Amino acid sequence: MTNRHHETAAAALAGALLIGAAPQAALAATPGHTATAAPLLRVASPDQRLAIELLAGHDGTLLYRASRNGRAVLLPAPLGLTLSAGDQAVDLSRGLQLAERSPVRAITERYELAVSKRRQHLHRAREASALFTNAQQQRLTVTLRAANDGVAWRLAAEVPGQARLALATETGGFRFASGARAWLQPMQVAKTGFEASNPAYEEHYRIDVPVGTPSPLPAGWVFPALFRSGPDWVAVSESGLDGSWHASRLAADSADAGDAAAGPAGSAGAAGAAGAAGAAGAAADRAGGAHYRLAPPDAREVMAYGAQAAGVAGLSTALLAEGGPRLATPWRFAAIGALRTVMESTLGTDLAPPPAVAFDAARIQPGHAAWSWALLKDDVTTEPVQRQFIDYAARMGWNYLLIDSGWDVKIGRERMRTLVADAAAQGVGIVLWYNSAGPWNTTPLTPRNRMHDATTRRQEFAWLREIGVKGVKVDFFGGDGLGVIRYYLDILRDAAEFGLLVNFHGSTLPRGWQRTWPNLMTMEGVKGFEFTTFTQADQDAVPAHAAMLPFARNLFDPMDFTPMVFGDIPNIRRVTRNGFELAQAVLFTSGIQHYAEVPEGMATVAAPVQATLRRLPRQWDETRFVAGTPGHQVVIARRAGSQWWLAGLNADEAPARLTLDLGFLARRSGQLTTDGDTPRALVQRPLRASRSLQLTLAPRGGFVAEFKRPRAAAP
């Protein structure tokens, strides 16, 4: 259940937080940022350490910036929209005059998630808005929000007398000073890859590169993107796609050559504010750095869907965003702080809308799944093999089996009815694969043509509910355009009505959808384990890739990497140790964790290790970042009930000696499972938590530790 509470800021805060008041302290003089006159709008976090400000540029343009402890983090970057309203062009990027400002208000919001790095969420923030008009009295509202773990902004446009607005261009992005570093994943180019089904967020990260480094692919960079500017870590992304806006990415070329908006403000600027913001922008240009501008999908990702596909009059197939008479962007946000603050941030779901429809909570059951396709591929989607995997899942205490493509042909619908019933008798729920299909999709795998048409989809969902199937995996979407985003949401809406869980593959990033749609268990949107079975080059790259994912792709959203293999990968030389593989089962969060290992590989590890896997919780109540460096090492602690699990891995080719602060586990005894003398060996030994615990991780190795309830103190 979600509770929202907004209240006007107390008078005691007025001096620090009233919009238009001078900042508490001038921003520190750093390259690319100088102190400015009073902003148009300023919102500080509840703890006063973060602030986001709206500034006036020249010619009635707007910019925003963000700081931490008075130190510049995000440099001034322009904001604005241009739209079409029927035959009318609407420019809300310049010539803007301030019309009104809201008071700063406090936000306290509690909500619960089944699919997350924590179950109970408390979002405390402060928020304010400013309304601007242009000469035609068209309206732009800028909303700023600041929480203790980051800042966010969104824009909304209104055009009187117009019932439908469509986006032409958006001005927005994230601007960093020279010297900052970046950890980024290139965006795949549309209509490349298997059956031209890209983009699917399936590339390796560029680790610790200078900001401004161009993407090796012209499509840009994906969210979330991680940066470090001085002592501050920053993770940027977006949240709250509701079917009115496309999914964005960062432009490929982020070299900071300057913006027209970053010039001196004239007296006709927004509310006549001082022009120091423009000077700050110009200073940023002189200092170099990078401006990561928001970019829309490639035109080849903009596809007709629903009413568009049906040819409804007045709907263009080239829409990027559409609403009306009010059209609002998603939230764009930056988690900011120490690395632990960023790693534990929940802004990705804090900013997402609450559940869109009522759900049967009893059907939202996270868990673990067996899956034959990861290692054995298409030929084993047969009834005898899937029955073996049902038995395997039941032995391991896993509550799901995913049956992949081709089941409709190799097993058939009538035999599937029997298979689902037999699996249920062993406590195993069945999830079935589907091809997303649609007019843009040429992938031949079946079943296809069951999802894209709404009537057919609902008939299929009714049949799945009738025979007892628990969920669907829908694959090959190939785009971030508005039509595809609406397609995702329609699947989620219909699946919720029929009580089905959902896993999307060949997909975009969830962007907080798991809050709005609690039946969304996971999404791929990652270069997952399957790629390491295709080429040795991808296998060789997996250690650094896996050590990067908790810091970026899996930071805010569930991720279906499909981890963990202890045995052999056909035709591939594995480069990770078994401790590394085991650690991923805890380090990666997914509503349903689909394990790649097959029964024969699981049989190669000792019974006590298998018992550890049987005890792994199906969802987490709390998460703490313990230690790590993106792309090299990561150690994370997760709690389920009164029990803590600690996991870590080392991606480097040399041993890693880590000193871990485990004061929060004081008086707890545990069991450590880690690498032995050979890459395939796992050993277990007792472990006692202490405030300063030293562990040495083998090259490309890892560990999992399970801590029991603390013993009562001696009288």
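Pro599 touches Phe389, Tyr392 and Arg395, leaving aside residues up to four places away in sequence; contact here means heavy atoms within 4.5 Å. The model is a predicted one, in which local features need pLDDT of at least 70 and side-chain atom pairs count only at pLDDT 80 or more, while totals for chains, interfaces and linings use all residues. Residues are numbered from 1 along each chain as its sequence is written, and side-chain values use heavy atoms, with hydrogens and water left out.

Pro599 belongs to helix α15 (residues 599-602); helices (H or I, at least four residues) and strands (E, at least two) are DSSP runs numbered from the N terminus. With a relative accessibility of 19%, Pro599 counts as buried (under 20% relative accessible area, with exposed over 50% and partly exposed in between; 1.4 Å probe, protein chains only). Pro599 and Tyr392, one of its contacts, lie 207 residues apart in sequence, yet their C-alpha atoms are 6.3 Å apart in space.

Turning to the sheet, 7 strands form an open arrangement in the order β28-β27-β26-β25-β24-β23-β29, with parallel pairing; two strands pair if DSSP finds at least two bridges between them. At the edges are β28 (520-523) and β29 (592-594), each of which pairs on one side only. Direction ignored, neighbouring strands are turned by 25° against each other on average. Within this sheet, β24 (residues 400-403) and β25 (residues 429-435) pair in the parallel sense over 4 bridges, and Leu401 stands opposite Ile430 in β25. Helix α10 (residues 482-497) packs on the sheet, where it touches β26 (471-475), β27 (501-504) and β28, and its direction makes about 160° with that of β27 (axes are lines fitted to C-alpha atoms, for helices over the stretch in contact, and angles run from 0 to 180 degrees between N-to-C directions).

What about the helices α8 and α9? The axes of α8 (residues 413-425) and α9 (residues 454-467) come within 9 Å and cross at roughly 40°. The two are therefore oblique to each other (under 35 degrees counts as roughly parallel, over 145 as roughly antiparallel, 65 to 115 as roughly perpendicular, and the rest as oblique). Arg413, Met416, Arg417 and Val420 of α8 meet Glu460, Trp463, Glu466 and Ile467 of α9.

Ile336, in strand β22 (residues 331-337), is also buried, at 1% relative accessibility. Its C-alpha atom is separated by 9.0 Å from that of Ser67, 269 residues apart along the chain. Beyond residues up to four places away in sequence, Ile336 has contacts including Leu50, Val73, Trp233 and Val342.
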